[in-house]
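Hi there,

Here is the structure I promised to send over. Have a look at it first, and then read on for my notes.

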Amino acid sequence: MLQNVSVFLIVELIGTVAFACSGAMVAIERRLDLLGIIVLGVITAVGGGMIRDLLIGVQPPSLFVHPIYVVTALAAVLVLFCIMKFGGVYQQLLSSEGYEVMMNVLDAIGLGVFTVVGMDTAMKAGYEDYRFLTVFLGVITGVGGGILRDIMAVQAPYVLKKHIYACASLAGALCYMFLLPRIDRDAAVVISACLVVVIRILARHYKWNLPRIERLDDEWKK
């Protein structure tokens, strides 16, 4: 049991740092001040879990009961802010080709981790027999923080427009549900989270997108 708890704690902290950094980078790109950077970074990291807890009636949400996740997100944001502010890498990073790659990787790691963590939390709360609900809670835990981040940054949520985002989370959730009764729990966590990361990276590399209707004026602009 202690081993399982430690593994999940490490996985959650990795996802927390990844999402916090991705939210902070969006805030920096939008030229927000330090408070705005902290708010977007922290809400990206813990927002999905907060939505999940509210949906299943966990009161108060776990982020208030276990502040380690908020503290970890805050520390990650402050470290990133200091590097960007005093390390002289702000302009070089934002103008480099590696910026979008870095953002994609951070988002992918956070998405994969929190999709699995969300499902596991729902199962521990006694909803393991409600498979649709469990999968939904896994996906909303994965994408919820990013949606809140984009709304607060006044931009269309990334999950709704580009590179197989929610679908990658759904694939990881279904993979976790399939593997959990068949292999070790820790292995199921790692494999499912890695599947989400791989799908997200491949989606960006090969520009996989769901079909959409192009506006005529979009064609005229080309």
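Below are some notes on salt bridges and on a surface patch.

This is a predicted model, in which local features need pLDDT of at least 70 and side-chain atom pairs count only at pLDDT 80 or more, while totals for chains, interfaces and linings use all residues. Residues are numbered from 1 along each chain as its sequence is written, and side-chain values use heavy atoms, with hydrogens and water left out.

Let's start with the salt bridges (a side-chain nitrogen of Lys or Arg within 4 Å of a carboxyl oxygen of Asp or Glu). The count comes to five. In one of them, Asp107 pairs with Arg149, with 3.4 Å between the closest N and O atoms. Asp107 sits in helix H6 (residues 98-127) and Arg149 in helix H7 (residues 131-152), so this pair ties together parts that are 42 residues apart in sequence. Helices here are DSSP runs of H or I with at least four residues, numbered from the N terminus.

Another salt bridge joins Arg185 to Asp120 at 2.8 Å, N to O. Because Arg185 lies in helix H9 and Asp120 in helix H6, that pair links parts 65 residues apart in sequence. Asp120 is buried, at 5% relative accessible area; buried means under 20%, exposed over 50%, and partly exposed in between, using a 1.4 Å probe and protein chains only. Salt bridges with shared partners also join Asp107, Arg149 and Asp150 into one network.

Asp53 and Arg52 form a salt bridge too, their closest N and O atoms being 3.1 Å apart. Asp53 counts as buried at 2% relative accessibility, and Arg52 does at 5%.

Happy looking!

Technical notes: Helices (H or I, at least four residues) and strands (E, at least two) are DSSP runs, numbered from the N terminus.
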